[in-house]
Amino acid sequence: MREIFSRYSVRKFQDKPIEPEKVKRLLEAAMQAPSAGNQQPWEFLVVTNQESKEAIARICRYAKPIVGAPLGIVTLQNAASLAYPECVQQDLGAANENILLEAVHLGLGGVWMAIMGFRDQMKGIKEYFKLPDRIEAFSTIAIGYPAENKTPQLRYDEKRAHYEAY
Ligand SMILES: Cc1cc2nc3c(=O)[nH]c(=O)nc-3n(C[C@H](O)[C@H](O)[C@H](O)COP(=O)(O)O)c2cc1C
C-alpha cells in the first residue's frame with residue numbers, strides 16, 4: 001500500500017486548517033481498526049484550540065509539534081467493561097496507525113506522540129481535559145498539511161524476518 005511506504009513523521013505544518021470532512025474521515029479510519037473481540041476501547045478528543053495545544057506540549061515534553069499543527073487528536077482508552085483488557089493497548093495502537101495512514105491518503109501528515117506509560121503526562125492530560133475516571137490518554141497525534149518533505153527511510157531488514165522457526 002503506497003501510504004505505508006510514503007508515510008513519515010511530520011513535525012512541521014503549513015498554516016492551513018484541515019477541512020472538517022477530512023477530520024471526520026480520520027476519526028472514521030481510527031474507529032475502523034480491528035480490536036480484540038471487537039471491543040473498540042477507544043474515544044478521541046479533537047483539539048484545534050491553540051491554548052489546549054500549548055497545554056498538551058507543556059504536559060508532554062516530546063509533544064512540541066502539536067503547537068504548530070492545526071489539529072491534534074488525543075487518543076483515549078476507555079477501560080470500562082472490556083472483554084479483553086489485556087489487549088487494549090494493541091487495539092489503540094491499531095487505531096493510531098489507521099489515523100496516520102489515512103492522513104497520508106488525504107494529503108496530510110502527522111506524528112504519533114506517546115502519553116500512555118508516562119504517568120506524569122497521563123495525569124497532566126487527565127487533569128487538564130477533566131477526563132472521567134474510566135478514560136486514560138493513550139497518545140496525541142499532531143496532524144496537518146506538511147511543511148516538510150522527507151524521503152521515508154526504508155526499514156526492511158531480512159535478518160528480522162524468521163520463517164517457520166527462529
Ligand atoms: C509509540 C510512539 C511514540 C512516539 N512518541 C513520539 C514523541 O513523543 N515525539 C515525537 O516527536 N515523535 C514520536 N514518535 C515518532 C517516532 O519518533 C517516529 O515514528 C520514528 O522516529 C520513526 O520515524 P518515522 O515515523 O518518520 O518513520 C513516536 C512514535 C511511536 C510509534
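## Overall build

Of the 166 residues in the chain, 31% count as buried. A residue is buried if 20 or more other C-beta atoms lie within 10 Å of its own, exposed if 12 or fewer, and partly exposed in between, with C-beta atoms placed from the backbone. This is a predicted model: local features need pLDDT of at least 70, side-chain atom pairs count only at pLDDT 80 or more, and totals for chains, interfaces and linings use all residues. Residues are numbered from 1 along each chain as its sequence is written.

The chain has five helices and four strands. Their order from the N terminus is α-α-β-α-β-α-β-α-β. The radius of gyration is 16 Å, close to the 15 Å that the globule rule gives for 166 residues, so the chain is as compact as a globular protein of that length. That radius is taken over C-alpha atoms, and the rule is 2.2 Å times the number of residues to the power 0.38. Helices (H or I, at least four residues) and strands (E, at least two) are DSSP runs, numbered from the N terminus.

## The core

The largest nonpolar core has 35 residues, and Ile99 and Ile143 have the most contacts inside it. Such a core is a set of buried Ala, Val, Leu, Ile, Met, Phe, Trp, Tyr and Cys residues joined through C-beta atoms within 7 Å.

The largest share, seven residues, comes from α4. Leaving aside neighbours within four places in sequence, Ile143 is in contact with Ile18, Leu26, Ala69, Leu71, Ile73, Ala103, Leu108 and Gly110. Contact means C-beta atoms, placed from the backbone, within 7 Å.

## Helix α3

Which residues of α3 are buried? They are Lys53, Ile56, Ala57 and Ile59. Seen down the axis of α3, the buried residues fall within an arc of 165°, so they line one face of the helix. The arc is that of the directions from the helix axis to the C-beta atoms. On the other side, Gln50 and Glu51 are exposed. The buried residues of α3 pack against β1, β2, α5 (119–128) and β4.

## The ligand shell

Around the ligand are Tyr8, Ser9, Arg11, Tyr62, Ala63, Pro65, Val111, Trp112, Met113 and Ala114. Each has its C-beta atom, placed from the backbone, within 6 Å of the ligand. By class, the shell has eight nonpolar, one polar and one charged residues. Ala, Val, Leu, Ile, Met, Phe, Trp, Tyr, Cys and Pro count as nonpolar, Asp, Glu, Lys and Arg as charged, and the others, Gly among them, as polar.

Conventions:
Two residues are in contact if their C-beta atoms, placed from the backbone, lie within 7 Å.
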